Amino acid sequence: MAGVLKLIEAELAQPAPAAVTQLAAQLAARASGGTAAVLFYGSNLRDASLDGVLDFYILLDDVRTWPGPRLAAFANRLLPPNVGYFEGPIEGATLRVKYAVMSVEQFRAGTSRETLDTTLWARFSQPCTCVWARSRADRAVVGTLVQQAVVTAAQWAAELGPERGEALAYWRALFAHTYGAELRVEKTTRSDDIVGRNAERYAALLPEAWLLANLRFEARDDGKLHPQLAVDERLDATRRWARRQQLGKWLNALRLLKAAYTFDGALEYLAWKVERHSGYRLVFATWERRFPLLAAPRIYWRLRREGVLR
């Protein structure tokens, strides 16, 4: 049963490029000692690339310690996480980060079996690394919570996957379900890509996580697994998942609406995206930076006039 935590701790301890750890430390310092840890995840971690935008999760003791308006902290307490964009020169290059901010307790709730929101445990059942931690104790807490995400994901994989099959079939079924519960633009083959890149990892994790969850299963000689789930257990899981799928897209929509008011560095992020995809460099007036929502229609028509948007 210690296999899951051992593997997760090894992943979290994987060294990241110095530029990534420097950026993480700069962001962690914003909370004046209130940051417990910073997690690095996503496509840049998988591809070992610094191009594009790095994805960070910043875990705090209390979301109110993060600088910003009180309204943003209140919104984060109601519907975490808040998101932001940051860019800075590191070792002669400009690196960019899109970060999410929530408390350790919110992270704990979001990776638990009981949560109705599927996004957090689904995301952190995938590889991540802890690029900054305040202490060994904080790093250990993060390891336990990421393990919780993996176990939650594995339980749902058993209930939503085939009656019997190879380990990867359960993960593919799971990620197909979680992507279906969110507003996503990725291709329908995304779940295959995620699993295929780390096939050995996912194959090793599943039976270990089932053991940790006290889920009985049969490991067959042909390599297939057979969770011992009764028909009524699967039916109950299907009903519970239907609630989560119905709620998931609404939660995503509410977070997008919230981001319109709380996204830190939104205009810088927009400018980078526009220049990256079109070559056009957006320059903002002082009042546009102060009142980005009021400026949005003007910026939109400017992009239309320049032929960036069609």
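A residue counts as buried when its relative accessible area is under 20%, and as exposed when that area is over 50%. In this predicted model, His226 has a relative accessible area of 13%, so the residue is buried. His226 belongs to strand β7, which spans residues 225-227. Its side chain makes a polar contact with the side chain of Arg164, at 3.4 Å. Beyond the neighbours within four places in sequence, His226 is in contact with Arg164 and also with Glu163, Tyr170, Phe217 and Glu218.

Glu11 sits in helix α1, residues 2-12.

The backbone is the next topic. Most residues other than glycine have a negative phi, and most peptide bonds are trans. Ser32 is not a glycine, yet has a positive phi of about 50°. Ser32 lies in the loop between α2 (18-28) and β1 (35-41), and its relative accessibility of 69% makes the residue exposed. Asn214, also not a glycine, has a positive phi of about 60°. The loop holding Asn214 runs between α10 (199-212) and β6 (217-219). Asn214 has a relative accessible area of 66% and is therefore exposed.

Finally, the peptide bond from Pro80 to Pro81 is cis, with omega near 0°. Pro81 is placed in the loop between α4 (70-78) and β3 (82-90).

Definitions and conventions:
Residues are numbered from 1 along each chain as its sequence is written. This is a predicted model: local features need pLDDT of at least 70, side-chain atom pairs count only at pLDDT 80 or more; totals for chains, interfaces and linings use all residues. Side-chain values use heavy atoms; hydrogens and water are left out. Helices (H or I, at least four residues) and strands (E, at least two) are DSSP runs, numbered from the N terminus. Buried means under 20% relative accessible area, exposed over 50%, partly exposed in between (1.4 Å probe, protein chains only). A polar contact is a pair of N or O atoms within 3.5 Å; within protein, one must be able to donate a hydrogen and the other to accept it, and residues adjacent in sequence count only if both atoms are side-chain atoms. Contact means heavy atoms within 4.5 Å.
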